[in-house]
Amino acid sequence: MTDASQAVGDVEQSLSAHNDSLHEQEGRIAREIYARMTGVIDPELGRSITDLGMVTGVEVSAHDEDINTFDVHLSIELTVPGCPLSDVIRERIEQAVATYPDATLYLDLHVGSMGEEKLGHLVAELKAARRENPFHKKGVKTRIFAIASGKGGVGKSSVAANLAAAFAVKGYDTAVIDADIYGFSMPKLLGADSQPTNLNGMLMPVETWGIKVMSIGMFAGSDQAILWRGPRLQRSLEQFLSDVWWGDPDVLLIDMAPGTGDMAISVAQALPNAELIVVTTPQPSASDIAVRAGLVALQVPMDVAGVVENMSYFEHNGERLHIFGEGGGQRVAEQLTRQLHDKLGHDIPLLAQLPLETNLRETGENGRPVVLDADGNLAETSLAQQFSDMVDKLMSMREV
């Protein structure tokens, strides 16, 4: 063999070894990128995109002649076309690829949607894993608070919306069901202005300010509202629990209809581990009726977490004006304690005395809970601190 032939052979052998090494590196990176996708969580379903079968292909190829630089061709299928949170998923994928430590990667992301058969299998799997009402079982970690009042007009829904926002901003996975089926107000108070995503009959709650929300108000005025009329309206709460994918929230708040009617009984039957929070205003005409809302616990297996007195006072030039009188919240707490202590085994506390503030209404009607600032952080106000303190009190009351 001539020296020239030997040189050509050495070059070919070196190129072959280089190509083998390059292919091996490409394969390794592809496997590692797929593994990194297991940390990308679908924000609606709360499971990784690999677990949900959304990642359909990962291919890696050398990027031109650059050393240790590669193109990543990643294909995913979202659950439905125009998925409302597709941008969030895309950002999480891009972040997972960009932070790969062992090479420089250029992402080429192809986004499609699942076919009807594949989506049907996924929904069937999710429903089987959930099995009806996911909260009606012992050992569930979710704390469930039913916000109730004896009468309308005491600010119950505003309290519920801001309490939910306080839970969320403090890091709790928070969900809200608007069970006031005739006077629904949660979509407006929380700025939830879109409809739930429908996955073959299973609904994804709308997420706003870090809170998952479901309300019949999201269907009002649409053809879907027909589904919630007649006999189905009577079991709307059960549908909200069993036909919606909630994941595993830390906290579920239910904004109840005023009074002590069928909805209170429905909540107790569907959610025997729920705890009542009774909202009242200071005057006797409201507090006397609020006691009746709390006494529902005598008839059904439900705990009472405490009482919130709303519109307690109005701050004016450094003076607290008690426009609606004083002491209603404390009266409710004391009366409920006297009548329920033997059954519940604990006193009913007065959780908070909230001031009458005009910006609570004005900000809430614009779709932002007043406890949050414009950036979604806890506002630096005394009212926001009261709600934050209320969250701490509620979560320290008992272990789940």
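What share of the contacts between residues at least 6 apart in sequence join residues at least 24 apart? I looked this up first, and for the protein the figure is 75%, where contact means heavy atoms within 4.5 Å.

**Ground rules.** I am working with a predicted model, in which local features need pLDDT of at least 70 and side-chain atom pairs count only at pLDDT 80 or more, while totals for chains, interfaces and linings use all residues. Residues are numbered from 1 along each chain as its sequence is written, and side-chain values use heavy atoms, with hydrogens and water left out.

**Overall.** I find 13 helices and 15 strands in the protein; these are DSSP runs numbered from the N terminus, helices being H or I of at least four residues and strands E of at least two. Of the 400 residues, 47% are buried. Buried means under 20% relative accessible area, exposed over 50%, and partly exposed in between, with a 1.4 Å probe and protein chains only.

**Helix α4.** I checked the length of α4, residues 156-169. At 1.5 Å a residue its 14 residues should span 20 Å, and the end C-alpha atoms are 20 Å apart, which agrees. The expected span is 1.5 Å times one less than the number of residues. I count 13 of the 14 residues of α4 as buried, so the helix is largely enclosed by the rest of the structure. After α4 comes G171, with a positive phi near 100 degrees.

**Annotated site.** I looked up "binding site" in UniProt, where an unreviewed entry lists G150, K151, G152, G153, V154, G155, K156 and S157. Positions are in the numbering used here, feature names are shortened, and annotations may be inferred rather than shown by experiment.

- K151 sits in the loop between β4 (143-148) and α4. Its relative accessible area is 30%, so I class K151 as partly exposed. From K151 to T280 is 129 residues in sequence, but 8.4 Å in space, C-alpha to C-alpha.
- K156 belongs to helix α4 and is buried at 5% relative accessibility. Leaving aside neighbours within four places in sequence, its contacts include D180, D255 and V279.
- S157 is also placed in α4, and at 13% relative accessibility S157 is buried. Residues up to four places away in sequence aside, S157 touches S185, M186, L189 and D255.

**Helix α2.** Which residues of α2 are buried? I find I89, I93, A96 and V97. They cover an arc of only 95 degrees around the axis, so they lie on the same side of α2; the arc is that of the directions from the helix axis to the C-beta atoms. On the face turned away from that buried side I note the exposed residues D87, E91 and A98.

**Positive phi.** Most residues other than glycine have a negative phi. I noted W209, which is not a glycine and has a positive phi near 50 degrees. W209 lies in the loop between β8 (206-208) and β9 (211-215), and is partly exposed at 30% relative accessibility. I also noted M311, again not a glycine, with a positive phi of about 55 degrees. M311 lies in the loop between β12 (303-309) and β13 (314-316), and is buried at 17% relative accessible area.
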